Amino acid sequence: MLALFSRLQLHFAGLALLFSTPRGYCLRKVEATDLQPVIYNGREYSFPVAVPVWASARPLGEILRIILEEELSIRTVLHPMRTSGATIRNILGCTDSAGELWNESGTLEEQVQARCTNSKLFQDPPVRAWAALSIWEPAVSPELFRMTANAGYLHPLGYRTTTGLYTHGDIVQAAANSSGLLLKWWEAYGVGRGARGFFDGVVAVDAAIRGMSNFSQAVCPSGDCPPGTIRPLCDLSDPAVRQEAEEMLESGMRCDGGWWYSPACDQDRDACIPVIMAEYSWNVRSWCAAIRSKNLPFAVTWLGWSRERDVVRSMSTLRFLFYWWQPEPAFVNMEPTPQQIYFSEGEDMPLQGTNPVVAVWGGVRDVDAAAYHVLQMISVDDGDLQQMMLDMAAGMGDADLACNWLRRPMNEAKWRQWLPEPVNVTMTPEEMEQQAIMHGLTIAGASVLGLAVLSVLCWALWYWCRRLRSNKPSNPSSVVGGEVFRWIGPHAQRSLVQTDANDIKGRFKAWYVNATPFHVSVRGSLFSIDMDPTSFCHGLSRNVQGSFEIIAGPTKADEDWQTLAESVRLRFEPSDFSTRPTDVDCGGADPVTYRSPVARKVLPDGPAGPMGQLKVVRLRGVFLVMWSPPHISRGIPLTEFQEFLTSVVEHPGTWENCEAISIDGERSLVNKRQFSDTRNMYDANRFIVRPEATLVDASYAEARTDYGPPDMFISHVWGESAVCTRSAIEELSKWKNNFKRARSAMSNVGSAGAELRVWFCVLCNNQSRVVEELGHDVYYSPFAQVLRSPTVCEVALVSPFRALNRKWCNYEFCLSGHESKSVLMLTKEGVVQAGHVPPVILRDLALKVATFNCEDATCSNSADSDLIDRAVKQMGGYDKLTESLQGVFREAIAKAHMCLKQAVRHMRKLEVGDGIVADDTAGDEGEWSPLSIRTL
């Protein structure tokens, strides 16, 4: 009861603070005299936090300051840092006694100090940074990063930063509409591809930059700066950048008149596309080297970040490429919207994405355990940062952004988990008086309700003891098991077995779960944990906070598709973990943010072909290793597929703002109630697949079904209603079962056998990684891989009337013919080849096919359309594709006609009085019967 009243008191006090906290405070009023210093070696210090100057880091620094001061009463000071490298040097203490960085070009002693190789020379404690947020690992030398990891503590902050080249979105759209050129991919900028026609020349852009006269205060504090204040800086004759220009020259890249011209257009500079970079130290040389290696006709300069920001904002009518990163507020509200240019990752490319990290000086653990606990736990996700950047672009300050985030009820539960238990909070006299009153009320109530309270406490003690005993990964009703269930689903969870190996007792106990069919060893610098397939055990929670290796080894699996050919060693770094998919899948109006950071590594091929990827996620108290199987192993049992379609139709509640697609392809937003016959696969993806599978970086098949190699590929239209698709699949299932019974009767064997598995793209593709997995060649897409798989013998087309209008369906059908797969056509009435469909529908289908041309089919995604067009050209062109598809439909209609012809012959026999032949199951010679179709 005492705890109950205390919780009520804190709850209502929190509500009061939300509306009445005085200006200058956020969570509760704390006077400067209430803040306590931290003690190190007998001296008092304010807790120094280094905050990089970029926009995404500053609100996070304020969040940390507010928590340290107002929740832990720790006196805190924030120090701005210009670069990640400077921040790491300050964390290490590689500075002079005033906290200034050593001069790399100074005296010999200063040069030695600046290398940061002798830890004995570091400041103890560091002067300006005991902790730092939002450090970009690619901007720090590997040696300094390793030293920080060894001497202190590093962990991902939880969000992902994407850096790269951008341009205005209307340029990309115009190129796609007019010539089909996909300017969001770097390959489109190659020599002779025509990209230059959509951009302005270097001369025009250079003149516009030098002629600017309106500047921001960051560029021109006095407000009266002349034209030429902003100028391209790649210029050997400019004293301000002489050192940088000479470094470019040493790398074989000569600056000329403010620009570096790529060899691809140096002889014809009018053919160069202008590229404007920010700070020289922000990988300008690396980008130029990548542009040179890819032979792109670019001209590159840099301006400085504040100047680039002014240029991009002011010159929105000029067309050029520019450097930017997200999350960052400079251009989030700009029209037209910036579009990133996607480059393939490789050794010749600067890293285009990173997971910013928290860095902590190693002494913090001993100086202040409470602060160290907060720094270990602090994390924010991409959605948090994106909203902060939008608010910042609207004019909100860093402290207000931090306070707003902390005060939101949905965030409070999150940041309170960062606090150690218990938290010692200095209380004001008023708060102490309130608590005394509440305690008095509690004692009075306890005297009346003591017996009832005692009974409740006894029951609660029994209940929680039972919960604690069952709180393990294999129990989906427990806290730990419920979180594991979200990531691996019911089938994998039921297979988990607890082992005694590595079992430990202790305060930092965590579960290690191997949900794969492989033997797995997790190894760090100071530990090693071995796990059998589908097993779990205890280990230390702090073991895998840094880098680690996983060795996955082959086991005696029942099936080749679950077997590794040999042991494989995979190394995981903190930067491998991300809450976002790859850069190419991060766009859109509703980008995906995973429930927790995920790391993936590709497995080598096994006896049955590709083996997919190994996934790792670090949950609260759980280290989870999972298998993401390849597409050719993600078949869904037919009964589970039917159950999914039923759940789409019967899912309770109203699905709001759903996309409705007419037979003509027109789209609109509507609300769809339970049992609505308009719910389709777009809706199913949004309301079922996304929350149950996509948000844990998985396909629905691997997260929720008993997946395996598919036997049948189902081609469909996303806009078709789930009711129609369910009806078609039910008829297919009945027909298959009847055929199985007929074959069993003829062979005098039982009808038992493995259940048919189907491949359905909505459920078998990871919907957060579709663009990545689709790639640049449709022949190697998941669809084509599955159609070429030897286990797939049949292809079923749902709703052929609608499918004829879709390029994907046409391509899948023709590829199935090319791979000699049997083709079935399904309508809501049943299987066309089995004679389930009324003659009038066959007539309409024949009329449509007779006048059909594959070239008239459409595709909702222009990039996919281009991929299919290229693939069709390699297969002989659209004329051959049309002829092939018409042949498939002609054969299906002919088989259906045979069924009708058999029925007519039976009726004629009755008319002449011959009776019905007793055994006509096989049909007359040349006629069709169920057993004449090649099936599994």
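Colleague: How many salt bridges does the structure hold?

Modeller: Side chains of opposite charge can pair when their charged atoms come close. A salt bridge here is a side-chain nitrogen of Lys or Arg within 4 Å of a carboxyl oxygen of Asp or Glu. The structure holds 31 of them. This is a predicted model, in which local features need pLDDT of at least 70, side-chain atom pairs count only at pLDDT 80 or more, and totals for chains, interfaces and linings use all residues. Residues are numbered from 1 along each chain as its sequence is written, and side-chain values use heavy atoms, with hydrogens and water left out.

Colleague: Which residue forms a salt bridge with Asp576?

Modeller: Its partner is Lys601, with the closest N and O atoms 3.3 Å apart. Asp576 lies in the loop between β22 and β23 (598-602) and Lys601 in strand β23, so the pair ties together parts 25 residues apart in sequence. Strands (E, at least two residues) and helices (H or I, at least four) are DSSP runs, numbered from the N terminus.

Colleague: Is Glu720 buried or exposed?

Modeller: Buried means under 20% relative accessible area, exposed over 50%, and partly exposed in between (1.4 Å probe, protein chains only). Glu720 is buried, at 10%. Glu720 forms a salt bridge with Arg802, the closest N and O atoms being 3.8 Å apart. Arg802 is likewise buried, at 14%.

Colleague: Which residues are linked in a network of salt bridges?

Modeller: Arg600, Asp697, Arg769 and Glu772 are linked in this way.
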